[in-house]
Amino acid sequence: MGLKAYLNDIVEAVVTTAKGMRITARYGVDPKEEVTLQYPEERWEIPEGYRGFLHNDIKTCISCSMCVKVCPVDCISLEAVRGADKKMVLASYDINIGRCMYCGLCVEVCPPKSLKHTAGYEMASESRGELILHFIAEDAGEVKARVARQVAEAAAKAEAAKAEDQAAAKAAEVPSSGTKPAEEKKPE
Amino acid sequence: MEALAVSLVNAVPLLAGVPLWTVTLLLMVMVAAVILVFALTFEGVGSLVLRKVAGDIQARIGPNRVGPNGMLQFLADGVKLVLKEDIIPANADRLLFKLAPYFVFVGSFAAFVVVPFGVGLIAADLNIGIYYVMAVTSLVVIGVLLAGWASNNKWALLGGMRAAAQIVSYEIPVGMALIPAVLIAGSLSLQDIVRSQGGLLGIFGWNLFHNPFTFFSFFLYFTAAQAETNQTPFDLPEAESELVSGYNVEYSGIRFGLFFLAEFGDMFIVAALATACFLGGWNVPFFNAGTLPWIWGSLLSLGVFLGKAFTMVLIMMWVRWTLPRLRVDQLMRMAWKYLVPLTFVNLLGVSLWLLVFKGKGIPGMIASLFG
């Protein structure tokens with residue numbers, strides 16, 4: 001190493017140090033440079049299309065189980081039984097939010113658009129079981145039993161109506177089938 | 001200290017019957033306690049300021065939860081350090097492991113003895129002041145090396161070895177960069193060095209402006225001293241990203257606290273020496289603080305000294321959060337190929353200057369031109 005390179009090294013060290021210190025001094029003096037957000041007190045604005053926790057609006061859900069099939073990590077599980085009006089009735093709809101990777105495929109694929117991402121991102125639990133979101137409060141067995149009962153009732157009613165129909169074939173009064181679905185929808 | 005004891009005994013008639021050595025001993029303990037309290041307070045507040053400065057420079061806020069605006073954070077840290085469990089690894093060398101923090105702590109704190117805080121405010125005005133500081137801070141090497149060895153941990157050992165290499169290497173440029181001040185004052189005593197920078201020239205009486213060589217030697221000293229005390233651009237012994245935490249990785253609780261305190265103590269010692277040797281020490285510009293009544297003169301000079309020293313500490317923090325850490329080979333190259341030759345050339349320059357111009361500095365010559 002020649003003397004020139006040696007002196008150059010020294011000059012470079014001094015100049016670059018001074019330059020760096022000028023930059024840090026600017027940051028140190030200017031309070032506007034602070035980017036910290038005091039999280040629990042202040043929050044970020046949630047952007048549009050934010051993929052937070054999943055929420056299923058079970059009123060509009062048609063139990064097609066498309067979300068279950070498309071989920072890459074199998075975090076959604078669904079049980080449904082056929083109700084008295086031939087429509088599917090959800091017995092249980094669980095999302096294991098601890099396993100979900102927020103890819104959004106289930107939301108994209110949902111035909112009635114009942115499954116949606118919310119803006120929620122704060123959750124803590126002491127056990128993994130608490131991370132499973134249950135969208136139907138009732139026990140799946142209870143729902144199934146109730147639906148089965150309703151189906152049986154409806155069948156019995158239909159049977160009775162048919163018998164009545166046959167018995168009074170000439171009678172003008174025909175039991176309206178429109179009342180039955182209303183009855184069956186009630187438990188939901 | 002004995003002279004002070006004699007004057008105290010003469011001043012207070014109640015003490016007439018007490019043997020002199022008791023009074024001297026008591027005074028010594030009191031002075032030691034005062035200095036210890038000062039040092040601990042400095043370290044507490046210093047750590048808070050360090051974190052606040054770091055926050056500002058890194059576009060963060062820094063601690064702001066404990067007390068108003070985070071002011072009591074250092075108390076929380078201190079309580080935490082004291083209360084945490086003191087763990088000694090199963091395979092550690094127990095005796096050396098326990099001994100190491102005291103070496104580091106003592107090495108850093110013993111240097112406070114000769115820091116010239118004010119006109120008469122110095123624990124012991126040793127006639128070998130600078131030499132004593134250099135010698136006693138070398139104790140840190142032993143402590144750090146012991147800590148690294150006794151931990152029986154590869155990271156700690158690497159950190160300790162690095163520290164030994166680094167501190168021993170940088171002691172040479174530090175000493176060589178301080179000698180110009182000694183040459184100008186003609187004494188190793190820090191009080192004499194500070195007094196030699198007083199007079200009617202104001203800040204131009206400082207050794208910093210004495211001649212071009214002393215100007216450079218201030219910066220050389222500041223750089224080398226940061227390396228010698230393992231401050232951040234040169235904190236290879238505790239390089240977090242390579243060595244986890246370096247030589248103190250196995251320490252916890254109060255033993256870790258001692259290392260931590262010693263680090264801040266070193267910071268103050270470097271700032272204090274830079275102030276005393278190059279920035280005029282406790283000299284109040286254009287004014288002789290020694291002519292005031294003892295109390296006021298001491299307070300005024302103490303304020304001036306601490307103001308300068310704390311400014312130097314702030315600059316050290318500023319450097320610390322600006323520069324990235326050097327590599328080991330870069331560090332060694334900087335010591336042996338750059339700082340050592342430069343300080344030697346500088347020392348030669350100062351000596352020649354003093355020989356040729358009969359000990360007069362540039363400001364002094366300009367002043368003598370105008371009578």
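In chain A, strands pair antiparallel in an open sheet of three, in the order β2-β3-β5, where strands (E, at least two residues) and helices (H or I, at least four residues) are DSSP runs numbered from the N terminus, and two strands pair if DSSP finds at least two bridges between them. The model is a predicted one, in which local features need pLDDT of at least 70 and side-chain atom pairs count only at pLDDT 80 or more, while totals for chains, interfaces and linings use all residues. Residues are numbered from 1 along each chain as its sequence is written, and chains are lettered from A and ligands numbered from 1 in the order in which they are written.

Because β2 (76–82) and β5 (132–134) of chain A stand at the edges of this sheet with a single partner strand each, one side of each is left without a neighbour in the sheet. Neighbouring strands are turned against each other by 15 degrees on average, direction ignored; here axes are lines fitted to C-alpha atoms, for helices over the stretch in contact, and angles run from 0 to 180 degrees between N-to-C directions. The antiparallel strands β2(A) and β3 (residues 88–96) of chain A are joined by seven bridges, and A:S77 has A:D94 in β3(A) as its bridge partner. Helix α4 (residues 140–167) of chain A packs on the sheet, touching β2 and β3 of chain A, and its direction makes about 170 degrees with that of β3(A).

In chain B, the domain assignment gives domain 1 (1–83) and domain 2 (93–369), with bounds that come from an automatic or database domain assignment. The C-alpha centres of these two domains of chain B lie 20 Å apart, and their contact takes 15 residues from domain 1 and 16 residues from domain 2, two residues being in contact if their C-beta atoms, placed from the backbone, lie within 7 Å. On the side of domain 1 of chain B that touches domain 2 of chain B, α2(B) gives the most, with 11 residues.

Within chain B, the axes of helix α7 (residues 154–185) and helix α9 (residues 212–228) come within 8 Å and cross at roughly 155 degrees. That angle makes α7(B) roughly antiparallel to α9(B), a class for angles over 145 degrees, whereas those under 35 count as roughly parallel, 65 to 115 as roughly perpendicular and the rest as oblique. Among the residues making this contact are B:Y170 and B:V174 of α7(B) and B:L220 and B:Y221 of α9(B).
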